[in-house]
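Here's a quick walk through one protein model, meant to be read with the structure open beside you.

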Amino acid sequence: MVNTVVVGAGMGGLSAAIRLAAAGRQVVVLEQYAEPGGKVGQSAVGEMAFDTGPSLLTLPEVFDRVLRLAGTSLAEEVALRCLSPSFRYIYPDGAVLDTYAELDATLESVGRALGARAQTELAAFLTYARRIWEASADNFVFCEAPSLSGITKLGPRAWLSLPRIDAHRTMISAIRQRIKSPHLRSLLLRFATYNGSDPRRAPATLNCIAHVDLALGGHGVEGGLHALAQAFFRVAQRLGVTFRFCSPVERIIAGSGANRFEVVSNGDRFSADQVVVNADVAHLAETLLIAPGEKPKVSTPFSTSGICAVFRAESRAERAAHTVIFPECYEDEFSDLFDAQRIPRQPTVYLCDQARAHGRIEVEGAVPVFAMINAPSVTREQENEASLELPSALARLRERAVSVGALGIQDDMVWHRGHVDLARRYPGSRGAIYGAASNDALSAFRRPPNRVPNMPGLYLASGSAHPGGGVPMCVQSGLLAAECALADAEGFKRFR
């Protein structure tokens with residue numbers, strides 16, 4: 001009998017496994033695919049290797065905190081890359097704006113590209129965004145899941161800080177009030193897509209993402225973000241964690257007593273007193289969990305999905321590490337995604353030159369360029385019809401990138417994945433990349449907590465649970481799930 005079974009070797013599962021093993025727990029991780037990382041994946045075509053998921057590392061201290069619990073550090077396990085310029089934003093009127101790892105350099109670039117007034121506006125907005133982050137991070141990210149009843153227990157100091165999170169307005173209304181530059185408005189609205197939300201409905205609290213991205217800064221990872229997943233995997237192995245790959249979990253059966261759970265995988269049964277689930281909450285509730293009583297609640301609406309491709313592109317010294325190509329009317333994209341539930345007719349295109357961002361090796365003068373457009377999540381009933389839209393969506397992606405010179409007409413697409421592919425690869429997700437969208441002021445309170453209510457010993461560690469989607473949040477979710485498990489195990493021991 002093992003102490004803890006972790007279902008899934010994505011970043012949340014790896015984080016939980018490291019924390020539990022570092023505390024002396026016996027941990028077995030069951031993963032349905034052949035390698036760790038989950039959505040932080042990689043692939044290869046011939047000699048060209050490339051990431052197939054996230055392309056930017058933010059909040060490195062979250063990763064470092066987990067690794068230090070295991071006696072190592074982020075700096076010891078991977079090499080981060082400072083990107084300057086980091087992002088290049090290309091607008092339909094021909095304006096081009098570069099942002100940098102250093103905030104002062106970014107503000108100077110805004111002044112050159114968009115004028116002194118825009119520079120002043122962005123500086124003031126980022127002061128506002130920093131205040132939101134400072135008021136919200138400890139109460140909504142780096143702690144157990146918030147609850148409306150728990151707000152009353154925070155104390156006077158926290159109560160005084162709550163108005164600064166600006167939850168009573170929407171992202172778009174706060175941006176419109178503070179920013180007159182249409183170019184900056186598009187840049188700032190795009191941060192809603194970092195967790196798949198609609199800025200017309202999401203609380204202005206999400207404007208803190210602008211501070212995280214532009215002021216705290218993003219990084220590349222030598223060898224790609226999958227190298228980070230591999231580093232977490234190596235650390236977990238050093239701590240004695242057992243991994244079983246190609247081992248999809250079929251059932252989690254809740255019982256009672258010391259061996260409270262049986263986890264069934266490939267016909268094998270693993271008894272455990274605690275189970276950490278690094279899978280979509282909907283998959284757990286609808287398929288995996290066999291238990292009396294109420295199952296975990298799924299938070300809705302689902303976030304956006306994505307259509308991704310990788311091009312074998314000619315190496316270009318002038319290409320930025322990350323490029324964003326805006327359409328004529330950016331707000332129409334959110335209407336398409338959230339109102340019409342369709343792939344945007346004029347999508348914003350994101351590209352990552354993985355050689356510049358992550359040091360991926362050139363192959364015969366060519367580099368991997370990852371490209372993505374947003375897409376809506378899909379129900380099972382919509383999957384077949386949605387699959388038919390993929391070729392035209394990929395064609396629009398390519399056409400937009402070629403039209404501004406970000407790709408060459410001769411660059412070959414060597415890999416792609418649609419939103420339906422994501423839905424099928426990650427059961428219960430509907431293809432949503434970030435779990436639930438944060439499309440109202442109460443989203444944080446409705447997101448499933450890391451400790452499943454009324455189900456002792458069952459924990460959630462994924463982007464569909466607290467604190468939400470995105471790689472740093474998934475790692476934090478795994479850490480919080482593990483901390484809950486350790487606290488409960490100690491309490492159970494004392495009780496006995």
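Cys246 is partly exposed, with 46% relative accessible area. One thing to keep in mind as you look around: this is a predicted model. Cys246 sits in the loop between strand 9 and strand 10 (249-254), and its phi is positive, about 50°, even though it is not a glycine. Most residues other than glycine have a negative phi, and most peptide bonds are trans.

Asn454 has a positive phi too, about 60°, and is not a glycine either. You'll find Asn454 in the loop between helix 18 (443-446) and strand 19. Is Asn454 buried or exposed? Asn454 counts as exposed, because its relative accessibility is 72% and the cut-off for exposed is over 50%.

| Cis peptide bond | Omega |
|---|---|
| Thr300 to Pro301 | about -5° |
| His466 to Pro467 | near 5° |

Pro301 is in the loop between strand 13 (289-290) and strand 14. Pro467 belongs to the loop that runs between strand 19 (458-460) and helix 19 (471-495).

## Strand 14 and Ser305

Eight of the ten residues in strand 14 are buried, so the strand is mostly covered. Strand 14 runs antiparallel to strand 17 (residues 366-375), with ten bridges joining them; Arg312 has Pro368 of strand 17 as its bridge partner. Strand 14 also pairs with strand 18 (residues 412-417), again in the antiparallel sense, over five bridges. There, Ala309 stands opposite His416.

Ser305 itself counts as buried, because its relative accessibility is 0%. Beyond its neighbours within four places in sequence, Ser305 is in contact with residues including Met372, Asn374, Pro376, His419, Leu422 and Ile433.

Strand 2 pairs with strand 1 (residues 2-7) in the parallel sense over four bridges, and Val7 stands opposite Leu30. With helix 1 (residues 11-22), these two strands make a right-handed β-α-β unit. Strand 2 is also joined to strand 9 (residues 242-244), running parallel, by three bridges; here Val29 stands opposite Phe243.

## Helix 8 and the cores

In helix 8 (residues 171-178), the residues Met171, Ile172, Ala174 and Ile175 are buried. They lie on the same side of helix 8, because they cover an arc of only 165° around the axis. What do they pack against? The buried residues of helix 8 pack against helix 5 (116-140), helix 9 (182-189) and helix 13 (330-339).

The largest nonpolar core has 100 residues, and Met11, Phe63, Leu188 and Phe232 have the most contacts inside it. Apart from that core lies another, of 25 residues, among them Phe261, Leu288, Leu289 and Leu458. Leaving out residues up to four places away in sequence, Met11 touches residues including Val40, Phe63, Leu228, Phe232 and Val475.

Conventions:
Residues are numbered from 1 along each chain as its sequence is written. This is a predicted model: local features need pLDDT of at least 70, side-chain atom pairs count only at pLDDT 80 or more; totals for chains, interfaces and linings use all residues. Side-chain values use heavy atoms; hydrogens and water are left out. Buried means under 20% relative accessible area, exposed over 50%, partly exposed in between (1.4 Å probe, protein chains only). The arc is that of the directions from the helix axis to the C-beta atoms. Contact means heavy atoms within 4.5 Å. Two strands pair if DSSP finds at least two bridges between them. A crossover is right-handed if, with the strands pointing away from the viewer, the path from the first strand over the helix to the second runs clockwise. A nonpolar core is a set of buried Ala, Val, Leu, Ile, Met, Phe, Trp, Tyr and Cys residues joined through side-chain atoms within 4.5 Å.
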